[in-house]
Protein chains: 2
Amino acid sequence: MPTYNFNGGPAAIPLAVLQKTQRDLLDFEGTGISILETSFRSPPYLALHDRTVALLRNLYGVPETHRVLLLQGSASQQFAMIPMNFLPHGASADYLLTGFFSRLAYDEAQTIGNVRVAATAGANGLWMPDDELDLDDRAAYAHATLNNTSEGTEFARPPDTGHVPLIADMSSNFFSRRINMEKYGLIYAGGQKNLGPSGMVVVIVKNDLIARGRSDIPAIWQYRVHAETNSLYHTPPGFSIYLLHNFLSWAESIGGLVQLEAWNAEKSRLLYAIVDRFPDFYRCLVAPEIRSRMNVVFRLPTELLEQQFLSEAERANMIGLTNHPAVGGLRVSLYNGVELEAVERLCDFMESFALGHQPAERQRYTAELHG
Amino acid sequence: MPTYNFNGGPAAIPLAVLQKTQRDLLDFEGTGISILETSFRSPPYLALHDRTVALLRNLYGVPETHRVLLLQGSASQQFAMIPMNFLPHGASADYLLTGFFSRLAYDEAQTIGNVRVAATAGANGLWMPDDELDLDDRAAYAHATLNNTSEGTEFARPPDTGHVPLIADMSSNFFSRRINMEKYGLIYAGGQKNLGPSGMVVVIVKNDLIARGRSDIPAIWQYRVHAETNSLYHTPPGFSIYLLHNFLSWAESIGGLVQLEAWNAEKSRLLYAIVDRFPDFYRCLVAPEIRSRMNVVFRLPTELLEQQFLSEAERANMIGLTNHPAVGGLRVSLYNGVELEAVERLCDFMESFALGHQPAERQRYTAELHG
C-alpha cells in the first residue's frame with residue numbers, strides 16, 4: 001500500500017520525479033559521476049542550470065522585465081534579505097499581517113529598518129479586503145504572504161498596492177496556478193512545498209527593483225550580485241537545482257501549469273466538500289472566498305478526536321496531517337506533488353471517520369445541552 | 001573504466017555513500033516516502049538529524065565547550081555572518097590574507113565593520129610564519145583560511161592568536177585530519193569538498209563566543225538562534241544533512257578520521273613525489289612545509305601544454321584538474337572522497353605525460369638559451 005503524504009513541507013514529490021532522480025544518481029548525463037560530485041563550473045552543470053531557469057521562465061510565464069534567481073537559505077532568509085536590500089535608512093515598508101509567517105517576516109524586517117502594519121487579520125485569522133488596506137503610498141515596498149500555510153487562507157488575487165512594489169511570499173502557493181507576473185516587484189518561495197527541493201529558494205524579481213537595491217551591504221545578500229552572476233556567485237545548491245529541473249520537466253510533460261492548476265482546484269474542491277458535509281465535525285473557520293487551495297486547515301470537536309484521527313489516518317498510511325505546532329489542529333497540504341488519488345483516499349477516510357464518530361459526538365452534545 | 005574525479009568542489013564522494021543514497025532514495029528508513037519528502041518535524045528526520053551531529057562530534061572530537069551547527073548558505077555566507085555577529089561598532093577584527101578566499105572574507109567583512117590586515121602572503125602566494133603576524137591583541141577575533149584551495153597552501157598548524165578567538169575557514173581541509181578543537185573559537189566549512197553535500201555549511205563554535213554574538217541583527221543570521229534551535233530554526237537542507245550522515249557513517253566504518261588522515265597523507269605524498277621528480281615540468285612554487293595535502297597546485301611550462309595535459313587526462317577519464325578561473329593553471333584536489341587508486345592512476349598518467357613531453361621542452365629551452 002502506498003504512503004499518502006500530506007506534509008506541509010518538505011512535501012510529496014511526484015513519483016516519476018523521484019524515480020528519475022534515483023535512476024540517474026550515479027551517472028549525471030553520461031559523465032560517469034554523480035550530480036552530487038559535479039563541479040558547478042563544468043559545462044554539463046551549467047547547461048542544466050540554464051535549462052532549469054529557462055523551463056521555469058517558460059512554464060510560469062516570467063517576462064523579460066524579471067529575473068529568476070535560485071538561491072540558498074529558504075524563504076526565512078528572504079525575510080531579512082528583502083529589507084536589507086530595499087529598506088534604506090529613512091524609508092519605510094508596509095507589511096500585511098495575515099498569519100504566522102507574515103509576522104515572522106515583519107519581525108525580521110524590524111531588526112533592519114522602519115516597518116508599518118498595513119493590515120491585520122482578525123482574531124479569526126482572516127485578512128482585510130483590498131479596500132481596507134491602510135497603505136502608505138511612499139512605502140519602499142509592501143509585503144504580503146499570499147498563502148497562509150498555518151491559517152489555511154489565500155489571497156484569491158494579489159492585493160492592489162498601486163505604484164508601491166508588491167513583494168510576495170509565495171512559499172506555499174508558488175507555481176500552483178497561472179499568475180500575472182507584472183503585478184509583482186518580487187516573489188519568493190522555498191522549494192520544499194510546490195517544487196520539490198528543500199535547501200533552496202526561488203526569487204523572481206523585477207530588474208528595476210534589483211537596480212534600486214543597496215550596494216553597501218555584504219555581496220552575498222545583494223540580489224544584484226546574484227542577478228549579475230546568474231545565481232553562480234558561490235557554490236550553488238546543485239542537487240536541489242537538479243531536483244527542481246526534474247520536477248519542471250515532469251510538469252512540462254503532464255501539460256504544464258494549466259494541468260497543475262486544474263488538479264489543484266479539483267483536489268481542494270474535493271476536500272472542502274467533505275469538510276462542508278460535516279461542518280460540526282470538521283470545523284473550518286475560513287470563509288469560502290479566502291480558503292486556501294494549498295492548505296486545508298480544520299479542527300475536530302476535541303483534541304482527543306484529533307489524536308484519534310491522526311492515529312487512524314496513520315494506520316491507513318496517510319501522514320503529515322498535523323498543523324504547524326505554533327497553531328495546532330489538523331492540516332491537509334495539497335501541493336503539486338500530492339496526487340488526486342491520494343486526496344480521494346483521504347476523503348473516503350474522512351467520510352468514514354466522521355460517520356463513525358459524529359453520532360457519538362452529537363449524543364454527547366445533546367446530553368450536555370440538556371444536562 | 002571508472003571516472004577519476006579531482007574536482008575542487010563539489011568533489012568526489014565515496015562510491016559506497018552514493019550507492020546507499022541511491023538505494024534508499026524512495027524509502028527513507030521504512031517510512032514509505034523519500035528523505036526528500038520527509039517533514040523536518042517528523043521523528044525519523046529528527047533522529048537522523050541528531051545522529052548526524054553526534055557522529056560528527058564523536059568522529060571529529062568536538063568537546064562540550066563547542067556546538068555543531070548545520071546551516072545553509074555555504075562558506076561564502078559565513079564571510080558575512082561572522083562579522084555580523086562578532087564585530088560590533090567600535091571593535092576591530094584581524095584578517096590573515098593568505099589567498100583568494102581569505103581576501104573575499106576580508107572584503108565582505110569590510111561592508112560590516114572595521115577590519116585590519118594581520119598578515120599578507122607574499123607575491124609567491126606564501127604566508128608569514130606565526131612570529132611575523134601583526135596581531136592586535138584587542139581584536140574581536142582573528143580570521144584565517146587554513147587551507148588555500150587556489151594557492152595550494154595549508155597551515156601545518158593553526159596560527160597562534162593568543163587570547164583573541166581564532167575563526168578559521170576550513171572549507172577545504174575540514175575533517176581531513178585530527179585537530180585540537182580547543183584552539184578554535186569557530187571553524188566553518190562548506191560541505192561540498194571533504195564531506196559530500198553542497199548547499200550546507202558546518203559551523204563548530206564555542207559556547208562563550210555564541211553568547212557574545214549580537215542579538216540586534218536578523219534572527220536568521222544569529223548563531224545564537226541556530227544553537228538554541230538545534231539548527232532547526234527554519235526548514236533545514238534535509239537531503240544535504242542526510243548525505244552528510246551517510247558520509248559520516250561510511251567514515252566510521254572504514255576506521256574514522258585516523259584512517260582518512262592516513263589516506264590523505266599518502267595521496268598527497270604520492271602526488272608531490274611525481275611533481276618533484278619533474279620540477280622543471282610540473283612547476284609547484286609552494287615550499288614543502290606549507291604545501292596543502294588537499295590541493296596540489298602546479299603549472300606546466302606553457303599554457304598550450306596545460307591544455308594538452310587536460311585533454312589527454314580527460315581521454316583517460318580524469319576530470320576536474322583545472323584551478324580556480326581567477327588563478328589559472330592546474331590543480332589536483334585530494335579530498336576525502338578521492339580514492340588512493342585514483343591518485344595512483346593520475347600519478348602514472350603524469351609520469352607518462354612528463355616523459356613524453358619534457359625532452360622536447362628541454363630542447364626548446366636549450367635552443368632559446370643559446371639563440
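Predicted model: local features only at pLDDT ≥ 70, side-chain atom pairs only at ≥ 80, totals over all residues.
Me: Let's start with strand β8 of chain A. Are its faces buried or exposed?

Reply: A handy general idea first: side chains in a regular strand alternate between the two faces of the sheet. Now the case here: β8(A) spans residues 166–169, with L166(A) and A168(A) on one side and I167(A) and D169(A) on the other. Both faces are covered, and all four of these residues are buried.

Me: Which strand do the 4 bridges join to β8(A)?

Reply: That is β5 of chain A, residues 142–145, which runs parallel to β8(A). To find your way, look at A142(A), whose bridge partner in β8(A) is L166(A). Strand β9 of chain A (residues 186–190) also pairs with β8(A) in the parallel sense, over 3 bridges. There, A168(A) has I187(A) as its bridge partner.

Me: Happy with that. How is the contact between chains A and B described?

Reply: Generally, the size of an interface is often given as the accessible area lost when the parts come together. For chains A and B, about 4,400 Å² is buried, and carbon and sulfur atoms give 60% of that. Q22(A), L36(A) and E37(A) supply 14% of what chain A buries against chain B, more than any other three residues. Each chain brings 59 residues to the contact.

Me: How many salt bridges and polar contacts are there between the chains?

Reply: The count is 0 salt bridges, alongside 25 residue pairs in polar contact. On chain A, the elements giving two or more residues to this side are α1 (15–23), α3 (74–86) and α7 (238–253). By class, that side has 28 nonpolar, 26 polar and 5 charged residues.

Key
Residues numbered from 1 in each chain as written. Chains lettered and ligands numbered in written order. Heavy atoms only, no water. Buried < 20%, exposed > 50% of the residue type's maximum accessible area, 1.4 Å probe, protein only. Pairing = 2+ DSSP bridges. Contact = heavy atoms within 4.5 Å. Buried area = accessible area lost by both parts, 1.4 Å probe. Salt bridge = Lys/Arg side-chain N within 4 Å of Asp/Glu carboxyl O. Polar contact = N/O pair within 3.5 Å; in protein donor to acceptor, adjacent residues only side chain to side chain. Nonpolar A, V, L, I, M, F, W, Y, C, P; charged D, E, K, R; others polar.
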